[in-house]
Amino acid sequence: MPVQRKPARLRGQDIVKKEDFTGAVSATEPDWSRERAERLWSPSHRLLKSIRRYQAASGPFKKIIQAYWVFQHRFWSIVTAADIPINSRIGGGLLLPHPTGVVVHPESIIGPNCLLFQQVTVSGGVEIGGHVDIGAGAKLIGPLKIGDHVRIGANAVVTSDVASGTTVAGVPARVLNTGAID
Ligand SMILES: CC(=O)SCCNC(=O)CCNC(=O)[C@H](O)C(C)(C)COP(=O)(O)OP(=O)(O)OC[C@H]1O[C@@H](n2cnc3c(N)ncnc32)[C@H](O)[C@@H]1OP(=O)(O)O
(Lines give C-alpha, C1' and ligand atoms only; values in the text may rest on other atoms or scores of the structure.)
Protein backbone atom coordinates (compact mmCIF):
# COMPACT_ATOMS: atom_id res chain seq x y z
CA MET A 1 0.00 0.00 0.00
CA PRO A 2 1.48 3.38 -0.96
CA VAL A 3 2.53 5.61 1.90
CA GLN A 4 0.34 8.71 2.18
CA ARG A 5 2.55 11.76 2.49
CA LYS A 6 1.41 14.89 4.23
CA PRO A 7 1.20 17.77 1.73
CA ALA A 8 4.36 19.89 1.76
CA ARG A 9 4.04 22.91 3.98
CA LEU A 10 3.30 26.11 2.08
CA ARG A 11 6.54 28.02 2.02
CA GLY A 12 6.82 31.71 1.33
CA GLN A 13 9.29 31.51 -1.52
CA ASP A 14 7.11 28.97 -3.37
CA ILE A 15 3.95 30.96 -3.18
CA VAL A 16 4.81 33.65 -5.69
CA LYS A 17 5.75 31.10 -8.35
CA LYS A 18 3.25 31.24 -11.18
CA GLU A 19 2.57 27.49 -11.15
CA ASP A 20 1.47 27.61 -7.50
CA PHE A 21 -0.62 30.71 -7.85
CA THR A 22 -3.98 29.12 -8.45
CA GLY A 23 -7.38 29.90 -7.06
CA ALA A 24 -6.78 27.26 -4.36
CA VAL A 25 -6.11 30.03 -1.85
CA SER A 26 -9.28 31.93 -1.07
CA ALA A 27 -9.47 35.69 -1.40
CA THR A 28 -12.35 35.86 1.05
CA GLU A 29 -12.15 33.02 3.60
CA PRO A 30 -9.20 33.44 5.95
CA ASP A 31 -7.06 30.33 6.33
CA TRP A 32 -5.99 30.70 9.95
CA SER A 33 -3.66 27.71 9.73
CA ARG A 34 -1.26 29.98 7.83
CA GLU A 35 -0.74 31.97 11.03
CA ARG A 36 -0.01 28.94 13.20
CA ALA A 37 3.58 28.69 14.43
CA GLU A 38 5.11 25.31 13.61
CA ARG A 39 8.28 25.93 15.58
CA LEU A 40 8.87 27.30 19.03
CA TRP A 41 11.01 30.11 17.63
CA SER A 42 8.87 31.85 15.06
CA PRO A 43 8.98 35.61 15.59
CA SER A 44 6.60 36.57 12.78
CA HIS A 45 3.92 34.24 14.11
CA ARG A 46 4.41 35.61 17.63
CA LEU A 47 4.09 39.16 16.33
CA LEU A 48 0.87 38.33 14.50
CA LYS A 49 -0.47 36.49 17.52
CA SER A 50 0.04 39.57 19.70
CA ILE A 51 -2.00 41.63 17.20
CA ARG A 52 -4.77 39.04 16.97
CA ARG A 53 -5.02 38.54 20.74
CA TYR A 54 -4.98 42.29 21.44
CA GLN A 55 -7.83 42.85 18.99
CA ALA A 56 -9.82 39.87 20.26
CA ALA A 57 -9.59 40.86 23.93
CA SER A 58 -12.93 41.30 25.68
CA GLY A 59 -14.63 40.92 29.02
CA PRO A 60 -13.99 42.53 32.40
CA PHE A 61 -10.21 42.04 32.15
CA LYS A 62 -9.96 43.46 28.64
CA LYS A 63 -7.60 46.28 29.61
CA ILE A 64 -5.22 43.96 31.48
CA ILE A 65 -5.25 41.42 28.65
CA GLN A 66 -4.58 44.15 26.11
CA ALA A 67 -1.74 45.59 28.21
CA TYR A 68 -0.09 42.14 28.17
CA TRP A 69 -0.42 41.85 24.39
CA VAL A 70 0.85 45.40 23.90
CA PHE A 71 3.98 44.32 25.75
CA GLN A 72 4.25 41.18 23.60
CA HIS A 73 3.70 43.24 20.46
CA ARG A 74 6.49 45.64 21.38
CA PHE A 75 8.87 42.81 22.14
CA TRP A 76 8.22 40.93 18.89
CA SER A 77 8.27 44.18 16.89
CA ILE A 78 11.81 44.76 18.15
CA VAL A 79 12.84 41.18 17.42
CA THR A 80 11.39 41.21 13.88
CA ALA A 81 12.18 44.86 13.10
CA ALA A 82 8.71 45.03 11.60
CA ASP A 83 6.40 47.99 12.15
CA ILE A 84 2.87 46.61 12.01
CA PRO A 85 0.57 48.61 14.29
CA ILE A 86 -1.42 46.66 16.85
CA ASN A 87 -4.68 48.14 15.52
CA SER A 88 -3.95 47.16 11.91
CA ARG A 89 -6.87 45.96 9.84
CA ILE A 90 -5.47 42.72 8.49
CA GLY A 91 -7.57 39.76 7.32
CA GLY A 92 -6.72 36.33 8.70
CA GLY A 93 -4.15 34.07 7.12
CA LEU A 94 -1.36 36.61 6.70
CA LEU A 95 2.06 35.16 5.94
CA LEU A 96 5.24 37.02 6.87
CA PRO A 97 8.00 34.52 5.95
CA HIS A 98 10.78 37.05 6.68
CA PRO A 99 9.20 39.92 8.64
CA THR A 100 12.29 42.13 8.78
CA GLY A 101 11.55 45.68 7.70
CA VAL A 102 7.87 45.20 6.90
CA VAL A 103 6.08 48.50 7.52
CA VAL A 104 2.29 48.84 7.43
CA HIS A 105 0.49 52.15 7.86
CA PRO A 106 -2.32 52.02 10.46
CA GLU A 107 -4.85 53.32 7.93
CA SER A 108 -4.20 50.67 5.32
CA ILE A 109 -6.35 47.56 4.93
CA ILE A 110 -5.00 44.11 4.08
CA GLY A 111 -7.38 41.35 2.96
CA PRO A 112 -7.31 37.68 3.93
CA ASN A 113 -4.55 35.21 3.01
CA CYS A 114 -2.01 37.77 1.86
CA LEU A 115 1.76 37.35 1.93
CA LEU A 116 4.30 40.09 2.59
CA PHE A 117 7.98 39.42 2.05
CA GLN A 118 10.74 41.33 3.78
CA GLN A 119 10.91 45.12 3.55
CA VAL A 120 7.48 45.60 2.06
CA THR A 121 6.05 49.04 2.79
CA VAL A 122 2.31 49.63 2.71
CA SER A 123 1.56 53.33 3.05
CA GLY A 124 -1.65 55.01 4.16
CA GLY A 125 -4.77 54.79 2.01
CA VAL A 126 -3.86 51.41 0.52
CA GLU A 127 -6.61 48.77 0.32
CA ILE A 128 -5.30 45.32 -0.47
CA GLY A 129 -7.71 42.57 -1.55
CA GLY A 130 -7.55 38.88 -0.69
CA HIS A 131 -4.70 36.51 -1.57
CA VAL A 132 -2.22 39.16 -2.64
CA ASP A 133 1.44 38.14 -2.61
CA ILE A 134 3.85 41.06 -2.31
CA GLY A 135 7.51 40.51 -3.25
CA ALA A 136 10.51 41.59 -1.24
CA GLY A 137 11.10 45.32 -1.02
CA ALA A 138 7.89 46.35 -2.80
CA LYS A 139 6.40 49.73 -1.90
CA LEU A 140 2.72 50.50 -2.18
CA ILE A 141 2.14 54.25 -2.17
CA GLY A 142 -1.52 55.11 -1.57
CA PRO A 143 -4.21 56.01 -2.04
CA LEU A 144 -4.83 52.96 -4.19
CA LYS A 145 -6.66 49.64 -4.33
CA ILE A 146 -5.21 46.23 -5.08
CA GLY A 147 -7.68 43.57 -6.30
CA ASP A 148 -7.82 39.89 -5.33
CA HIS A 149 -5.29 37.20 -6.37
CA VAL A 150 -2.63 39.73 -7.31
CA ARG A 151 1.16 39.23 -7.40
CA ILE A 152 3.42 42.21 -6.87
CA GLY A 153 7.04 41.78 -7.94
CA ALA A 154 10.10 42.29 -5.80
CA ASN A 155 11.08 45.95 -5.47
CA ALA A 156 8.00 47.16 -7.33
CA VAL A 157 6.77 50.66 -6.59
CA VAL A 158 2.99 50.56 -6.93
CA THR A 159 1.41 53.96 -7.38
CA SER A 160 -1.96 53.17 -8.95
CA ASP A 161 -4.79 50.63 -8.68
CA VAL A 162 -4.11 47.02 -9.62
CA ALA A 163 -6.88 44.85 -11.10
CA SER A 164 -7.70 41.41 -9.68
CA GLY A 165 -5.78 38.44 -11.05
CA THR A 166 -2.85 40.44 -12.41
CA THR A 167 0.89 40.45 -11.80
CA VAL A 168 2.66 43.79 -11.61
CA ALA A 169 6.34 44.68 -11.29
CA GLY A 170 8.80 47.50 -11.91
CA VAL A 171 9.18 51.15 -10.99
CA PRO A 172 6.51 52.38 -11.38
CA ALA A 173 4.74 49.02 -11.39
CA ARG A 174 3.25 47.85 -14.68
CA VAL A 175 1.14 44.82 -15.49
CA LEU A 176 3.23 41.81 -16.55
CA ASN A 177 0.21 39.74 -17.52
CA THR A 178 -3.51 39.77 -17.01
CA GLY A 179 -4.01 36.00 -16.87
CA ALA A 180 -7.05 35.19 -14.80
CA ILE A 181 -6.56 32.95 -11.81
CA ASP A 182 -8.64 29.74 -12.17
C1 LIG B 1 14.80 34.52 1.16
C2 LIG B 1 13.79 34.53 0.11
O3 LIG B 1 13.70 33.67 -0.68
S4 LIG B 1 12.72 35.80 0.04
C5 LIG B 1 11.82 35.53 -1.43
C6 LIG B 1 11.57 36.82 -2.10
N7 LIG B 1 10.91 36.54 -3.35
C8 LIG B 1 10.23 37.46 -3.96
O9 LIG B 1 10.11 38.57 -3.51
C10 LIG B 1 9.62 36.98 -5.26
C11 LIG B 1 8.76 38.04 -5.91
N12 LIG B 1 8.40 37.55 -7.20
C13 LIG B 1 8.67 38.21 -8.35
O14 LIG B 1 9.19 39.32 -8.33
C15 LIG B 1 8.30 37.48 -9.64
O16 LIG B 1 9.33 37.72 -10.58
C17 LIG B 1 6.94 37.92 -10.20
C18 LIG B 1 5.87 37.35 -9.28
C19 LIG B 1 6.79 39.42 -10.29
C20 LIG B 1 6.74 37.40 -11.63
O21 LIG B 1 6.96 36.04 -11.70
P22 LIG B 1 6.64 35.29 -13.09
O23 LIG B 1 5.18 35.41 -13.42
O24 LIG B 1 7.20 33.92 -12.95
O25 LIG B 1 7.36 36.16 -14.19
P26 LIG B 1 8.69 35.86 -14.99
O27 LIG B 1 9.79 35.46 -14.07
O28 LIG B 1 8.34 34.92 -16.10
O29 LIG B 1 9.06 37.30 -15.60
C30 LIG B 1 8.26 37.91 -16.59
C31 LIG B 1 8.94 39.21 -16.99
O32 LIG B 1 8.87 40.13 -15.89
C33 LIG B 1 10.19 40.55 -15.49
N34 LIG B 1 10.18 40.62 -14.02
C35 LIG B 1 9.95 39.62 -13.15
N36 LIG B 1 10.02 40.07 -11.90
C37 LIG B 1 10.30 41.37 -11.96
C38 LIG B 1 10.49 42.36 -10.97
N39 LIG B 1 10.39 42.09 -9.67
N40 LIG B 1 10.76 43.62 -11.38
C41 LIG B 1 10.87 43.90 -12.71
N42 LIG B 1 10.68 42.99 -13.70
C43 LIG B 1 10.41 41.74 -13.33
C44 LIG B 1 11.10 39.46 -16.01
O45 LIG B 1 12.40 39.95 -16.21
C46 LIG B 1 10.42 39.07 -17.28
O47 LIG B 1 10.72 40.05 -18.27
P48 LIG B 1 10.87 39.64 -19.83
O49 LIG B 1 9.54 39.11 -20.24
O50 LIG B 1 11.24 40.93 -20.49
O51 LIG B 1 11.93 38.59 -19.86
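Modeller: A polar contact is a pair of N or O atoms within 3.5 Å; within protein, one must be able to donate a hydrogen and the other to accept it. Please bear in mind that this is a predicted model.

Colleague: Which backbone oxygen does the side chain of H73 reach?

Modeller: H73 lies in helix α3, which spans residues 62-80. Leaving out residues up to four places away in sequence, H73 touches L47, S50, I51, I84, P85 and I86. At 2.7 Å, the side chain of H73 reaches the backbone oxygen of I84.

Colleague: Is H73 buried or exposed?

Modeller: Buried means under 20% relative accessible area. The relative accessible area of H73 is 11%, so H73 is buried.

Colleague: Which element gives the largest share of the largest nonpolar core?

Modeller: That core has 31 residues, and L116, I128, I146, I152 and V158 touch the most other members. Two or more residues come from each of α2 (43-56), β6 (126-128), β7 (132-134), β9 (144-146) and β10 (150-152). The largest share, 3 residues, comes from α2.

Colleague: What is omega for the cis peptide bond that joins V171 and P172?

Modeller: P172 lies in the loop between β12 (167-169) and β13 (174-177). For the cis bond joining V171 to P172, omega is about -10°.

Terms used:
Residues are numbered from 1 along each chain as its sequence is written. This is a predicted model: local features need pLDDT of at least 70, side-chain atom pairs count only at pLDDT 80 or more; totals for chains, interfaces and linings use all residues. Side-chain values use heavy atoms; hydrogens and water are left out. A nonpolar core is a set of buried Ala, Val, Leu, Ile, Met, Phe, Trp, Tyr and Cys residues joined through side-chain atoms within 4.5 Å. Buried means under 20% relative accessible area, exposed over 50%, partly exposed in between (1.4 Å probe, protein chains only). Helices (H or I, at least four residues) and strands (E, at least two) are DSSP runs, numbered from the N terminus. Contact means heavy atoms within 4.5 Å.
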